[in-house]
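Open the model in your viewer and keep the selection panel at hand.

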Amino acid sequence: MTKGQILVVDDEAAQREILRTILAAEGYQVEVAKSAAEALDKGGRRRFDLVLTDLRMPGADGLSLVRELSREDPPTLVIVMTGFGSLDSAEQAMKQGAFDYLTKPLERDDLLRIVGRAFERMGLIQENRLLRQQLEERYRIEGIVGSHYRMREVFDKLHKVSSSNSTVLIVGESGTGKELIARAIHRHGPRRDRPFVAVSCAAIPETLIESELFGYEKGAFTGAVSRRQGLFETADKSTLFLDEIGELNVNMQSKVLRALQEREIRRVGGHDSTKVDVRIIAATNKNLEEEVGKGRFRGDLYYRLNVVTVPLPPLRERSTDIPQLAEYFVRRACDEAGRPPMPVTTEAMRLLLQYHWPGNVRQLEAVLQRAVLLSDGQKIDYADLPIEVRFSTLPSREPGPAAHGATYRFLLPSGGIELEAVEREFILQAMESSGWVIAKAAKLLGLSYRTLQYRLEKFQISRNGGDGVGAPDEEPGETGPGPRQV
Ligand SMILES: Nc1ncnc2c1ncn2[C@@H]1O[C@H](COP(=O)(O)OP(=O)(O)OP(=O)(O)O)[C@@H](O)[C@H]1O
Ligand SMILES: [Mg+2]
């Protein structure tokens, strides 16, 4: 087994050979170079543990080598060799980051002692790196991908807040990972052994939400044939995740506030209060402060919830995380489909990076799941991405027609496009978003009713992909040519 790899740099052949012999006899693996340039070339192709270099050489001198190597991450340790008369230059080399220096003529024992010390130091550096890596791994949270600094701030807060029982408010656009973070906070906290209880305040009809949250007594209303526990009670000694809390009506806001303040709840139709010990994590994609300002959200509830806020950045503001997320989702989708993992081509990645992701991480996940199914099984290519990602638009830098405010320009994939496919897709989208009412879609597209009708037939676009447009349509408002024809 070798003790380590050393590169010896000296313009004198005899010197190189002496060093090689001594060091090799000690079990080091030695390579030689006769100039700084050759050393950099060799060092560029593989890493050495240690570089021993003469300072004065023709061409680039040893000092420049020291500068280069100490800039690497992690830096390569360099020991410089210098004539006895030029200690100044040795000192200079130390300032540039050299590990140590040797004076010529070299003494075998000195040489081995200093080399040995360099390897000891290296061991420490590596150990530190390992520790740091382990720390980072511990610091990372399973299933949450991201290394953008805004995500690191999220992880930081998550760690601080999980160990406590404090109320947390998670804010962020749809699909940014609010629920994922809420679950992680619970999983890393003192209540992790109890089930996480989640409820979406948007999904439950207003008339049901009170009994859902607080339960009801037998006979509280028609159909209440027996007493039922609410989610606050289910989450006793655990965590209750109130998702989309911005959707609660003001009446329910008061009741939730009371539950938070008094730490007790009253079932619908009941007279007595029941103590509950619930940790609340709430989430919203609304700006609650603004809602408070508009009188739509109770300020006192907002302040109760806002003890710790975790803001989640939209994906477009941390696009450097896209490659990592993409790889993660592709790997997961491949696993699920029982396929070997496959790479994302540069071209496809470029499109993923350019897109603005209004649906954030959730949308990226869905796009890649679909891409894995569509792909040839070898790679994810741009053709496997949906049209809106392939033809994403960015605000143009050139000033556009003032009437339209921002103008948009298309980013074309270098593989070329098929204009008809684009046209078809736009028409399809317009039809879908206008509920298949031709007149509405025509307006959206800036086409006349008749032009759109013609194109629907031409592209054989219909609601169910069969023939003819499904829904009966309104009478067209205008029959003349539209304001703009495609
Ligand atoms: N940082 C991330 N790393 C890995 N997966 C993520 C990340 N963020 C979100 N996801 C995934 O994206 C999807 C959406 O996340 P989640 O449901 O937590 O978002 P949300 O903010 O609650 O969205 P909504 O407001 O629409 O409910 C989930 O499948 C989740 O696993
Ligand atoms: Mg959610």
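Select domain 2 (149-311) and domain 3 (315-395), with bounds from an automatic or database domain assignment. Both contribute residues to the shell around ligand 1, so the ligand lies between them. This is a predicted model, in which local features need pLDDT of at least 70, side-chain atom pairs count only at pLDDT 80 or more, and totals for chains, interfaces and linings use all residues. Residues are numbered from 1 along each chain as written, chains are lettered from A and ligands numbered from 1 in written order, and side-chain values use heavy atoms, without hydrogens and water.

**The ligand shell**

Show residues with a heavy atom within 4 Å of ligand 1. There are 18, and Ser174, Gly175, Lys178, Arg362 and Glu365 come nearest. Now colour helices H7 (178-187), H13 (322-337) and H15 (360-374): each supplies at least two shell residues. Helices here are DSSP runs (H or I, at least four residues), strands are E runs of at least two, and both are numbered from the N terminus.

**Polar contacts**

Look for N or O pairs within 3.5 Å.

- Lys178: a side-chain N or O atom is 2.7 Å from a ligand 1 oxygen.
- Glu179: a polar backbone atom is 3.1 Å from an oxygen of ligand 1.
- Arg362: a polar side-chain atom lies 2.7 Å from a ligand 1 oxygen.

Taken alone, ligand 1 exposes 630 Å², and the protein buries 87% of that (Shrake-Rupley method, 1.4 Å probe).

**Two loops**

Go to Pro105, in the loop between strand E5 (100-104) and helix H5 (108-139). The peptide bond from Lys104 to Pro105 is cis, with omega near -5°.

Finish at Glu244, in the loop between strand E10 (239-243) and helix H10 (250-262). Its phi is near 55°, a positive value in a residue other than glycine.

Technical notes: A polar contact is a pair of N or O atoms within 3.5 Å; within protein, one must be able to donate a hydrogen and the other to accept it, and residues adjacent in sequence count only if both atoms are side-chain atoms.
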